[in-house]
Amino acid sequence: MRGLPALLTLVPVLAPAPLLAQKSPAPTLPTRPRLVVVVSVDQLSAELMQTYGPELTGGLARLSKEGVFFTEAYHDHGFTETGPGHSVLLSGRFPANTGIVENRWFDRRADRLVYCVEDAAAKPLPATGLWGSSNARFLGDGLGDWLQAQVPGSRAFAVSGKDRAAILMAGRKPTAAYWFSGAAGFGTSTTYAERLPEWLLRFDGELQARFATRSWLWTKTPGTPEGRVATWTFPGQVIRNGALPRLIQGAGMPLDKTFEARFRKSPFLDEVTLEAAEALMDAEKLGQGPATDLLALSFSATDYIGHSYGILGTEMRDQLHRLDRTLGRLLEVVRRRDRGAWVILSADHGGMDLPEALSDQGFPARRVNPPIFLNELRAELKATFKVDADLILESPEPNSLYLREGALKATGLDRKAVLARMQAWLRARPEVADAFTAEDLAATDPSATGSPRDSSLRVLLRRSFRADRSGDVLVAFKPWVVFGVPPVEWATGHGTPYAYDRRVPLIFWGPWKGGERPSPVRTVDLAPTLARELGIQPGTVDGRALDLRKEEGLPSSPPRHQGKK
């Protein structure tokens, strides 16, 4: 695999980075487009673009060739997950300021883990669960809010395969936000509407009919090169009924309980997401009015496929080819609606390959079993302080650790002493790169300057830390560490502070002269850049407006589209 070392290299520092929490200069008055579409491809790393880009001929290829392509764009925070990443893109703020520090965190008041967009006060539409999803936990605002407040008649919509992606790109008060709800189709919650619009009811009805009558079989696209043979057999099957490999049961049978999970980890999720977005554009006449409409669109299948099969197998290779065609269709649809429309492409995070495959290539990849790891830490604390009580809470992943306040109080132990012992034990572990207490991070300046390639672990975790939501100790594991051992739902993951998870594409396709820009920039720069180009004033942001008409900073490296041969 000649592309693997390039794909997974951690890159050195080469250029300075912007300051944080800046106000953009007074906006100019440009000719605004009637339609702006911001696309996030979940788990689309810049390395995937580099590796498979030369094979592509559709939308991804067109964006790369015709757009202003920042090839060294970084999420400049530590916990690179879907919720935090999407909260950054159109707010221009780090997760510490959006409040979305992780996909889930421990709510000390509720005394339980909470999901970043769960909201008991919101009811799902259609009624598919006990509670709905909303932006109640999201702090601040975003591009859609700035646009609607300053440009009369503007609207802001969001569509995604995931609720957290749509909600966290939509901002504080979008016109509407929709996401895939499984066999029921696409929905929303009562935070955004009193009822589903007629156009969506029609769309969902047609989609449900297809679920009931069509055989959904994922086979390799003709002409797509083969990738590594994965542990999980290809072609992947999205089967209406039953779970036996290569089995399609008869039409008209009720959907089985695992259909949604299988459907999500296939390219079909992106296809129906685009169909829902097209239905929205038609029904709401996006790009047809005198003002500017914003559509935030997140494609989620790449993330599910990456988790399930890794990023260098045939599954991901085929997914990128299919995504390339899906995006090509999107570009045509958008430009038919508004010849001057802008499309911006980025991602919420990257990802890594299966640790077993990385080990075969000589990388120090390993798996960590979270329950065993946490039990060893508990045993260490019990032995050190001679107590029987568990001093730390259960956690699905051991990168954010919370003390049991009740146990601390009952044992009379000194909090600082317990934290110091936890930190020392963690730093001595071979899987751990570093660990920081909440006190350490609270005392760390998040506005440290320098290239986003060279941000320290401490600063990266500080930008993912919020005292009222984050753990008492935040842990950075070493590169190539994956949580979970087989049998496990997800074969590999992301969430680390390293380049393979932080580096993503950032492309602006519009009236600007295209070309690759190799100087390092941050994803928090996206929102203030669009604000300036639209002639509006952003709220407080942690990024800066990039100049799309000239090179930023100093040259850093030759173009990185090497790819595989």
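This is a predicted model: local features need pLDDT of at least 70, side-chain atom pairs count only at pLDDT 80 or more; totals for chains, interfaces and linings use all residues.
Strand S1 (residues 35-41) has seven of its seven residues buried, so it is largely enclosed by the rest of the structure.

**Strand S1 and its partners**

- Strand S12 (residues 342-346) is also joined to S1, through five bridges, and the pair runs parallel.

**The open sheet S14-S16-S15**

- Three strands form an open sheet in the order S14-S16-S15, with antiparallel pairing.
- Strand S14 (400-401) and strand S15 (432-437) each have a single partner strand and stand at the edges, so one side of each is left without a neighbour in the sheet.
- S14 is connected to strand S16 (residues 473-477) by two bridges, and these strands run antiparallel.
- Ser-400 has Leu-474 as its bridge partner in S16.
- Helix H16 (residues 415-428) lies across S14, S15 and S16, and runs at about 165 degrees to S15.

**Helices H8 and H10**

- Helix H8 (residues 198-213) and helix H10 (residues 268-284) have axes that come within 10 Å and cross at roughly 150 degrees.
- Angles over 145 degrees count as roughly antiparallel, and H8 and H10 are therefore roughly antiparallel to each other.
- Their crossing is right-handed.
- On the H8 side, the contact is made by Trp-199, Phe-203, Leu-207 and Arg-210.
- H10 contributes Val-272, Glu-275, Ala-276, Ala-279, Leu-280, Ala-283 and Glu-284 to the contact.
- The residues of this contact between H8 and H10 comprise eight nonpolar, no polar and three charged.

**Helices H11 and H12**

- Helix H11 (residues 301-309) packs with helix H12 (residues 314-337) at an angle of about 170 degrees, and their axes are 10 Å apart.
- This angle makes H11 roughly antiparallel to H12.
- From H11, the residues Ala-301, Thr-302, Ile-305, Gly-306 and Tyr-309 meet Glu-315, Met-316, Gln-319 and Leu-323 of H12.
- By class, five nonpolar, three polar and one charged residues make up the contact of H11 with H12.

How values were computed:
Residues are numbered from 1 along each chain as its sequence is written. Side-chain values use heavy atoms; hydrogens and water are left out. Axes are lines fitted to C-alpha atoms, for helices over the stretch in contact, and angles run from 0 to 180 degrees between N-to-C directions. Helices (H or I, at least four residues) and strands (E, at least two) are DSSP runs, numbered from the N terminus. Angles under 35 degrees count as roughly parallel, over 145 as roughly antiparallel, 65 to 115 as roughly perpendicular and the rest as oblique. A crossing is left-handed if the near helix is turned anticlockwise from the far one by less than a right angle, and right-handed if clockwise. Contact means heavy atoms within 4.5 Å. Ala, Val, Leu, Ile, Met, Phe, Trp, Tyr, Cys and Pro count as nonpolar, Asp, Glu, Lys and Arg as charged, and the others, Gly among them, as polar. Two strands pair if DSSP finds at least two bridges between them. Buried means under 20% relative accessible area, exposed over 50%, partly exposed in between (1.4 Å probe, protein chains only).
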